[in-house]
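Let's walk through this model together, starting with one chain's annotated segments and moving on to the places where parts meet.

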Amino acid sequence: MSRPAIRAVAALAAVATAATLASCASSSAPSGSGAPAGDPVTGGTLTYLEHQTFTNLYPPQAGFYPNGGVVNNITARLTWQNPETLEIEPWIATEWTVNEDATEYTFDLRGEATFSDGTPIDAAAVAKNFDTYGLGNPGLGLTVSEAINNYESSQVVDEDTVTFRFSAPAPGFLQATSTINSGLLSPETLDLSLEEFGAGNATEIVGSGPFVITDERLGTELTFEAREDYDWAPPSFEHQGRAYLDGIHLIVAPEDSVRIGSLLAGQADYIRYVQAFDEARVESAGFELHAPQTRGVNNSIGLRFTNPLLSDVRVRQAIVAGVDAQEVVDTIFTANYPKATSALSSTALGYKDESSFYEYDPERAQELLDEAGWEAGSDGIREKDGQRLSLTVYEAKPQPLSKQTLELVAQQLKKIGVELNVKSADAGTYAEDIKDPVKTPLYHSMVGRADFDVIKSQFHTENRNTLLSDDAELDRLLEVVASEPDPAKRVESSQAVQDYLAEQAYVIPLFEEPQVYGTAPYVHGVEYESVGRPLFYDVWLDK
Amino acid sequence: MRYALRRAGQAAIVLIAAYTVTFLLLQLLPGDAILIRYDNPELGLSAEQIQQIRINYGVDTPWWQQYLTTLAGYLRGEFGYSTQYGTGVLELIGEALPSTVALAGIGFLVAVILAVAIAFLSTLSPFGWLRRGLQAIPGVFVSIPVFWLGILLIQVFSFGLGWVPIVGADPVVGLILPVLTLAVPISAPLAQILIRSVDEVRLQPFVTVVRAKGASESRVLFTSVARNAILPTLTIAGVLFGELVGGAVVTETVFGRPGIGRVTEQAVANQDIPVLQGIVVLAAFTFIVVNLAVDLLYPVLDPRLRSGSRRANAGTAVPESTPTPVEASA
């Protein structure tokens, strides 16, 4: 029983007592499945099991995987990012031009595409989408998309041409038009408030993708139907026209053993979030595992240097050297979770191998701590000026096996005389404590997005700011990444950030995080967008 | 009439008390729904944007002001909107309720059947070892975690034997395993009370008289003992309502069923105060109704309680050690 559940019961029990007292793919070919298959078959309904219930279908908030899995299938985007090459390809936009300093983008639209209520996907509709995502709509509670920087305005040139302008170079914008955060919605849907994008209203969301939501059972089930008239898949796809499936039945099954069991017992066709310890069971039963990478900032532990205990770079370097990421991967995870070699994933744009900074070296760690003046106390934990080198980290619920990972890290750190307390907390305490570097000196997180900007999202003080940084130099380096129009120079600037993070020992990269799915042998055409959200357009069933 | 009015007044006081207590408890918790949902690194919002959202939701006002605003809303029949989903609280509860009522109602019925079966079989059993075995069952049942039982039933009957699908099952079939999961732990205290009060009633003089007249053991049980033994059980049944709701939370989560339990679990996890308030008021209301129904059933089962003051007659007829009915002394 989860803690929230226990609290719910306790709360109700308390009230009950009171009452008593008182009263009385990309693409080209269906490639996902291993077994050679015949020609795709049209028809059938896919039973897909989700780990968590979706919270909101407003595309800029679709980063949460349960939201993204839905938005990815009900919306088309201006462009498509090929998940293998990471190139940006046409989709709703047939072509585009970008001015030299990346402050003006003009897109030509294909014209014949429509939203599921029949309204055309024209320049005015696209302009309204990006005005909303780029500027937000405070009156409706709609937030600005994290993927869009420096947005200024849109201009409808003609019915099929739209121009976007930026107050400063926005080289990440083209990639942003391909992400689910920029999923195209009908103009009327964009007049909904943020609440109306929430649960209970899913059938009102009018998108532009191959599927529409036809039914919702609050918090537990969604039903999708294929759009018969959908005919605007990215031109690079071999498959055009409507989706092969007639529909999808998405069911929320939070319990791991229920999801795995349903798949193996033939009650479900496709499940998200196969835990590392269940992978062997799925494969040995003859089922398929898919582990698309999330290609962004790796699963890592941030060292919040504004905490006085971590202000000395030698202490941070010691902690980095005292963590054995290989052991984490070997004991808790599988081959689908490669050991990290930089703050960025090796499949991310701009990646640089920084492994020399991240070698496990407990002896070096001990030396560094000795140099920094931390001496072993009576219980083996180091002390200095009467202070213990004792740090806290909270279990991060969205990260796979976060608690187990952190507990192993704590064991490793104990060997060099650093105490790490791994805490679990209710949502409220967690939300408050992680904003305080004294209460939460170490922070476990990751973020996936297949663009250079992802590193700024994670570390800039105006974005996620996971380090709770006050380092102006770090901010400056990150701003260069987000505003450098020349792709070659963007690679350099991204590598400069990775160098800086490694030299300053600001992060302990652990592993490159995948999303792990399981499918039945008769499920073909399994594909993912560039950061591992499922695409059901090409899926077909052979049973 | 006066009795009914007094009961209605009590009910209103209980409702407001339940509402107030939850409101105060929730205020004491660290954080709030807006913080949890928006002031989260995952969204990358700036401090000004979050402040604007706080103002829009009115969580920047002092707690007593929020308390009065929401209380006034309740009195007007407006239950507010979920801060997590934006859905109306009444809509959220209204959609989840039928599923939970079906689960809890049938679960309770099955629990009663189980409890009666255990108690009567153990009483009638001619063998000591069987009797002792049956009497041990409630102790075992009460110590089984609902969560574990649910998983076990799914693994054995759905995945192992393939008798009942749990994904995409039709509504009736889909109820079988959740109902069992819920019924087993609820049946345990019921059976325990029933066994004990059957034993106690059987020692009463009037039973000896019936037996002396030549009635068989089972006849004695069904005609004379059962009726009297059922009173304390019924009282406990009313109190068990709370446990039923708690069991539903776990059962619905394990089986991925829609319902109040799931809604509550989510609302607690996200400190969705408007939804929690709605659920608490609903729970308190139902609790009052259930207890009222139990009270009104006493006179039906026990003719001695039908006329005049209940207290005057009760002392002589009801065995001393029987738990006093919840309402009898009010």
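Helices (H or I, at least four residues) and strands (E, at least two) are DSSP runs, numbered from the N terminus. With that in hand, take residues 12–29 of chain B: the span is 94% helix and 0% strand, and its end C-alpha atoms lie 26 Å apart. Residues 101–124 of chain B are 100% helix and 0% strand, with 34 Å between the end C-alpha atoms.

A word on the ground rules. This is a predicted model, in which local features need pLDDT of at least 70 and side-chain atom pairs count only at pLDDT 80 or more, while totals for chains, interfaces and linings use all residues. Residues are numbered from 1 along each chain as its sequence is written, chains are lettered from A and ligands numbered from 1 in the order in which they are written, and side-chain values use heavy atoms, leaving out hydrogens and water.

Now look at where the two chains meet. Here 58 residues of chain A are in contact (heavy atoms within 4.5 Å) with 62 residues of chain B. Together the chains bury about 5000 Å², 66% of it on carbon and sulfur atoms; buried area is the accessible area (1.4 Å probe) that two parts lose on being put together, summed over both. Several elements of chain A each supply at least two residues to the side that touches chain B, including α1 (3–22), β8 (211–217) and α11 (427–433). The largest share of that side, 11 residues, comes from α1(A).

Next, turn to chain A itself, which an automatic or database domain assignment divides into domain 1 (46–75 + 191–293 + 515–541), domain 2 (79–187) and domain 3 (298–511). The centres of domain 1 and domain 2 of chain A, taken over C-alpha atoms, are 24 Å apart. Between these two domains, about 2700 Å² is buried, and carbon and sulfur atoms give 60% of that area. On the domain 1 side, Tyr58(A), Val206(A) and Trp232(A) lose the most area to domain 2, together 23% of what that side buries.

How many salt bridges cross the interface of domain 1 and domain 2 of chain A? The rule (a side-chain nitrogen of Lys or Arg within 4 Å of a carboxyl oxygen of Asp or Glu) finds 1 there. The side chains of Lys128(A) and Asp191(A) also meet in a salt bridge, at 2.8 Å from N to O.
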